[in-house]
Amino acid sequence: MGCDRNCGLIAGAVIGALMAVFGGILMPVGDMLIEKTVKKEAVLEEGTIAFKSWVKTGHRSLQTGWIFDVQDPEEVAVNSSKIKVKQRGPYTYRVRYLAKENITQDSETHTVSFLQPNGAIFEPSLSVGTENDTFTVLNLAVAAVPHLYPSAFVQIIVNIFIKKSNSSMFQKRTLKELLWGYKDPFLSLIPYPVPTTVGVFYPYHNTADGVYKVFNGKDDIISRQSVYVSFLSVFRSFYAVFGAEINLKGIPVYRFILPSLAFASPLQNPDNHCFCTEKIISKTCTLYGVLDIGKCKGGKPVYISLPHFLHASPEIAEPVEGLSPNEEEHSTYLDVEPITGFTLQFAKRLQINILTGTIGDEKAEMFRNQVTGKIELLGLVEMILISVGAVMFTAFMISYCACRLKSVK
């Protein structure tokens, strides 16, 4: 019995040792099999799990926006007072629901290029109102024209059309008009072939951002995990840096964040030197937090920033009342699963701004003397000429009638 017990203990020890040995052998083998499977299925090529979910996103990709509703348009227009705004939203659209097109693999560079068709479907259940909600906002056309045509003479002519169309610096527009486009009455009067449809994202539907090209991970899966945030709707891309390791619904992920240097001044970040073309308001490009993308928008004074001017120079937000920037709600980030490189959650936050300026008292006096006064004088001359013309025409008609009467007699 003692022998049996000892034999059993020895057999158990042997089996345990063998299991430990095999376990030690199987664990690396298992890791190798998992790594091999991940490397295979994470590559962006026909037949892989990554490719299927990449061609057409299975989950909902949402674009949520808030609109700054101007509360004191008359005060700003007349007295150049501080702009008071009220944030309204969210208004949510489902985007990225269309499958990628023109997918082309390059076996030499291990890249894949494609087109991403644009489309947006309004999501009422995730919005505070409808697309017909109205807002008081800056008049995009009126604000942009002085920057496109800085000539004083041209602006005199432009002002005539602005008044004739009953346009002003601010306007009321629905959400749908503001985002996707409306026929501008002022631009429609200009006797010159100019685009008359205006919108923050116009044109968007049935268009494509342009050709994307990314690594497919065939030769190196790490290259497919490179984090680069693209904002092609505003013709700008940013790199993201590691922020922290967090838990997303039980899945360990790496959070990559947009660094503050992305919106830094050219003095702080030389890579941004071509995104500062206006020297006066930007104080010779020393202010930070906004980037000029006007060259990509046909010369229009369009600037991008983080929402509520997060991480921007205090002087930029000073003229606006109603802003409350905070890191949690207004930062951009991506949550990436480190083994597969899949992005499981992301938030791309961006604010689109139109540059406007207010002149001081001295400049206003000069403007009145050199421009406004001359316009008023021109109007007076026009009235005198019209009056003289009317008198001469009346005198001519009287003389003509008198001559006819004499000839009849």
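Here are a few friendly notes on backbone and aromatic features of this predicted model.

1. **Ground rules.** Residues are numbered from 1 along each chain as its sequence is written, and side-chain values use heavy atoms, with hydrogens and water left out. Because the model is predicted, local features need pLDDT of at least 70 and side-chain atom pairs count only at pLDDT 80 or more, while totals for chains, interfaces and linings use all residues.

2. **Two cis bonds.** Start with the peptide bond from glycine 89 to proline 90, which is cis with omega near 5°. Proline 90 belongs to strand S2 (residues 83-95); here, helices (H or I, at least four residues) and strands (E, at least two) are DSSP runs numbered from the N terminus. Another cis bond runs from tyrosine 202 to proline 203, with omega near -10°. Proline 203 sits in the loop between strand S9 (197-198) and strand S10 (208-215).

3. **Two histidines with positive phi.** Histidine 308 has phi near 60°, a positive value in a residue other than glycine. Look for histidine 308 in the loop between strand S16 (302-305) and helix H9 (314-317). Histidine 311 lies in the loop between S16 and H9 too, and its phi is near 65°. Are these residues buried or exposed? Histidine 308 is buried, at 3% relative accessible area, whereas histidine 311 is partly exposed, at 34%. (Buried means under 20% relative accessible area, exposed over 50%, and partly exposed in between, using a 1.4 Å probe and protein chains only.)

4. **Aromatic pairs.** The structure holds ten aromatic pairs. Rings of Phe, Tyr and Trp (its six-membered ring) pair if their centres lie within 6.5 Å; planes under 30 degrees apart are stacked, over 60 edge-to-face, and the rest tilted. Among the pairs is tyrosine 93 with phenylalanine 122, edge-to-face at 5.2 Å centre to centre and 65° between the planes. This pair links distant parts of the chain, strand S2 and strand S5 (residues 121-122), 29 residues apart. Tyrosine 93 is buried at 4%, and phenylalanine 122 is buried at 17%.

5. **A stacked pair.** Phenylalanine 114 and tyrosine 212 are stacked, 5.1 Å centre to centre with 0° between the planes. Phenylalanine 114 is in strand S4 (residues 111-117) and tyrosine 212 in strand S10, so the pair ties together parts 98 residues apart in sequence. Both residues are buried.

6. **A ring cluster.** Ring pairs join Tyr93, Phe122, Trp180, Phe201 and Tyr204 into a cluster.

7. **Charges over rings.** The charged end of arginine 255 sits over the ring of tyrosine 333, 3.8 Å from its centre. Arginine 94 lies over the face of tyrosine 97, 5.0 Å from the ring centre. (The criterion is NZ of Lys or CZ of Arg within 6 Å of the ring centre and within 35 degrees of the ring normal.)
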